[in-house]
Amino acid sequence: MFTRPDVLPGNRAAACFSLFKSHSPLIHCLTNEVVQELTANVLLALGASPAMVVEPQEAEQFSRVADALLINIGTLHQPRAEAMLAAVEAANQAGKPWVLDPVAVGGLEYRTRFAQHLLAMKPAAIRGNASEVMALSGLQASGRGVDSRDDSLAALPAARALARSSGAIVAVTGAVDYVTDGERDWAVTGGDPLMTRVVGTGCALSAVVTAFCSLPGERLDNVATACRVMALCGERATASCHGPGSFTAVFLDALYHLCAEELQ
Amino acid sequence: MFTRPDVLPGNRAAACFSLFKSHSPLIHCLTNEVVQELTANVLLALGASPAMVVEPQEAEQFSRVADALLINIGTLHQPRAEAMLAAVEAANQAGKPWVLDPVAVGGLEYRTRFAQHLLAMKPAAIRGNASEVMALSGLQASGRGVDSRDDSLAALPAARALARSSGAIVAVTGAVDYVTDGERDWAVTGGDPLMTRVVGTGCALSAVVTAFCSLPGERLDNVATACRVMALCGERATASCHGPGSFTAVFLDALYHLCAEELQ
Amino acid sequence: MFTRPDVLPGNRAAACFSLFKSHSPLIHCLTNEVVQELTANVLLALGASPAMVVEPQEAEQFSRVADALLINIGTLHQPRAEAMLAAVEAANQAGKPWVLDPVAVGGLEYRTRFAQHLLAMKPAAIRGNASEVMALSGLQASGRGVDSRDDSLAALPAARALARSSGAIVAVTGAVDYVTDGERDWAVTGGDPLMTRVVGTGCALSAVVTAFCSLPGERLDNVATACRVMALCGERATASCHGPGSFTAVFLDALYHLCAEELQ
């Protein structure tokens with residue numbers, strides 16, 4: 001029988017966020033061309049340090065030094081794929097966690113094969129929307145094409161299966177986010193549909209998930225807290241902006257000023 | 001004898017914009033590195049969906065699915081040129097329109113050859129400034145170098161010739177924009193010189209032109225409406241911002257809130 | 001005995017800035033992927049013209065035409081390194097100044113070798129933080145890793161040595177910026193730590209340094225003025241924004257409205 005997940009308790013989120021603020025992790029971002037500036041600014045606003053190191057030999061070297069690694073395949077191309085593989089191998093050898101954002105996986109063959117290959121390399125977490133998680137889980141066998149409008153709750157069974165088969169924490173995000181290790185899950189509320197009219201909010205969330213994966217403690221809680229931080233600040237920013245253009249500045253300011261107590 | 005074009009009637013613009021809002025087209029953007037975020041955010045603010053898919057085999061696959069394709073050669077390099085050719089061929093085979101933004105064509109040899117090659121592949125529309133349109137038309141034989149300060153009205157004869165020889169709708173933009181199919185043309189007013197102090201406003205316009213080219217109906221009117229939408233919102237944003245930094249947020253908000261009636 | 005540098009006199013800064021405004025230089029930027037939009041918008045706000053031309057043969061052609069060239073190795077990769085070498089050689093042949101921003105040099109081997117190679121090609125100026133300047137100077141022999149938290153004043157001896165050995169003006173930036181030709185130096189005050197929470201402010205400064213290197217007159221004063229312009233506007237923007245998100249718009253507006261008299 002399907003159990004609807006509980007909402008992540010505020011005291012857990014607050015504790016994870018306090019830990020985050022005291023760690024200021026250094027995050028290696030191999031992400032897509034379109035969202036690099038927003039991704040960096042989101043991490044900086046939260047007090048983390050982003051770095052984009054893309055030449056394969058340097059990406060390998062840097063992954064050993066950074067606290068965690070983000071792999072986002074939004075604008076995947078062959079040379080960047082080589083850098084990603086080198087970085088993931090180095091991160092795995094050094095015991096550093098890495099996170100997969102499988103942008104648009106399912107419909108496009110090249111990236112779908114690549115994402116399946118990455119999946120076998122044991123990401124610490126996967127963050128995607130409903131259609132991406134369903135495509136990656138392999139559960140979806142219907143004739144209907146993968147659709148980013150799929151509801152996140154409908155994708156929760158696929159997320160659980162993917163978590164169990166891959167060993168990763170899976171965050172399937174949408175109007176409500178669900179975070180699961182395959183056995184336990186949290187729901188995370190907040191956010192606003194306006195965020196889908198600003199490019200890169202989902203990709204930046206994956207970077208924040210990556211940063212939280214570098215923390216000690218329960219990874220399920222850490223990933224859910226990353227989602228909660230972004231959802232809360234997104235909701236606040238929406239309330240005080242006038243559209244998707246003015247959203248970004250208010251959102252980054254909200255991330256910068258967020259205190260652990262506000263997550264209670 | 002030279003005929004000065006009439007201004008695009010507001011009721012035509014309003015009708016095209018209503019059509020656009022009901023279609024929410026998916027636009028494949030192969031554009032330059034500098035302007036990708038603004039380009040995506042402009043399309044999102046208007047209700048369209050942008051996607052940047054750059055690996056040649058994926059670019060080819062995605063062009064068949066998207067409603068229209070943008071080719072912007074601002075930061076052209078060899079691997080991206082291959083992706084562009086694959087995407088254009090696929091779009092042509094699938095009967096999807098594609099648009100050429102010939103950034104800085106004329107002075108630089110590599111891109112000029114590439115743009116001439118693309119021209120033979122039948123773009124649905126071309127959007128450039130006066131010097132780019134004059135260079136691409138081949139009309140300009142004077143010793144004076146191509147100059148981006150060329151007036152758009154002075155380039156209208158070149159635009160008409162280019163439209164006739166290529167079969168594309170040509171939009172030559174400047175203080176006033178002129179849109180022509182070689183026989184008929186529209187003038188589009190609005191905008192502000194401040195927009196030239198914000199990187200990517202012209203490139204984003206080309207993306208909006210691409211989105212409007214995916215609509216049914218008269219393509220000449222559709223392209224002119226794309227220009228009018230951007231000019232009107234640019235004018236409004238200039239009136240309520242304090243410089244090029246605060247322009248962008250206000251501009252995107254204006255695009256997000258624009259209603260068809262306001263174009264009347 | 002160590003001499004603490006004097007602060008750049010306001011009348012020198014004002015004179016350099018007046019010269020800058022009358023020249024509106026065209027700047028060829030071969031810079032990192034993350035900061036291209038901010039870099040372009042900073043140059044545009046100040047009245048300069050940025051262009052990113054990246055295919056090696058075009059980069060070579062364009063460097064002869066532009067007034068100055070920026071080389072920033074933040075997201076260095078092999079094809080871009082080839083473009084950079086071609087552009088630097090062409091700039092040198094044409095007598096155009098070029099500036100090196102040695103992002104993250106020291107720790108990462110590939111870029112460190114490349115930066116050392118570039119150093120022998122005689123940059124007009126080098127702009128980096130304390131750890132980058134110390135690494136590039138080769139002075140640092142301690143076991144402690146290069147640390148971006150190194151103080152700019154502590155790096156001034158390394159900056160002077162680097163200026164003497166390379167022939168470049170060296171700007172080592174931090175809470176206070178120091179600009180040296182190896183014999184004489186200026187201190188530049190202003191700025192705010194908030195700027196370190198916005199990606200690309202340092203990289204954009206290097207672009208402004210590049211633009212000022214294209215001016216006639218004393219290069220030491222020109223580079224110091226570039227630093228002063230950014231520090232003053234950064235300080236003003238911090239005073240009227242609410243965090244790193246709202247900083248950028250206010251900062252670009254401040255650059256746009258800056259008058260020479262305000263530098264007195």
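## A salt bridge across two chains

Glu33(A) and Arg80(B) pair up in a salt bridge, with their closest N and O atoms 2.6 Å apart; the term stands for a side-chain nitrogen of Lys or Arg within 4 Å of a carboxyl oxygen of Asp or Glu. Glu33(A) sits in the loop between strand 2 (26-30) and helix 2 of chain A, while Arg80(B) belongs to helix 4 (residues 78-94) of chain B, so this pair joins two chains. Helices (H or I, at least four residues) and strands (E, at least two) are DSSP runs, numbered from the N terminus. Both Glu33(A) and Arg80(B) are buried. Buried means under 20% relative accessible area, exposed means over 50%, and partly exposed is in between (1.4 Å probe, protein chains only).

A quick word on the ground rules: this is a predicted model, where local features need pLDDT of at least 70 and side-chain atom pairs count only at pLDDT 80 or more, while totals for chains, interfaces and linings use all residues. Residues are numbered from 1 along each chain as its sequence is written, chains are lettered from A and ligands numbered from 1 in the order in which they are written, and side-chain values use heavy atoms, with hydrogens and water left out.

## Where the chains meet

How many residues does each chain bring to the contact? Chain A puts in 25 residues and chain B 22 residues, with contact meaning heavy atoms within 4.5 Å. Together the two chains bury about 2000 Å², 50% of it on carbon and sulfur atoms. That buried area is the accessible area (1.4 Å probe) that two parts lose on being put together, summed over both.

Two salt bridges run between chain A and chain B. There are also 13 residue pairs in polar contact between these chains (both at pLDDT 80 or more). A polar contact is a pair of N or O atoms within 3.5 Å; within protein, one must be able to donate a hydrogen and the other to accept it, and residues adjacent in sequence count only if both atoms are side-chain atoms. On the side of chain A that touches chain B, helix 2 (36-46), helix 5 (109-119) and helix 10 (244-257) each supply at least two residues. Helix 5 gives the most, with four residues.

The UniProt annotation "binding site", from an unreviewed entry, covers Arg127(A) and Thr173(A). They are spread over 47 residues of sequence, yet they cluster in space, with a largest C-alpha distance of 7.4 Å. UniProt positions follow the numbering used here, feature names are shortened, and annotations may be inferred rather than shown by experiment.

Arg127(A) is part of strand 6 (residues 125-129) of chain A, and Thr173(A) is part of strand 7 (residues 169-173). A polar contact of 2.8 Å joins their side chains. Arg127(A) is buried at 6% relative accessible area, and Thr173(A) is buried too, at 12%.

Arg127(A) also meets Asp101(A) in a salt bridge (3.1 Å, N to O). Asp101(A) lies in strand 5 (residues 98-101), 26 residues apart from Arg127(A), and is buried at 0% relative accessibility.

## Salt bridges elsewhere

Over all chains, the structure holds 27 salt bridges. One of them, in chain B, brings Arg12(B) and Asp221(B) together with closest N and O atoms 2.8 Å apart. Arg12(B) is in helix 1 (residues 10-23) and Asp221(B) in helix 9 (residues 219-240), so the pair ties together parts 209 residues apart in sequence.
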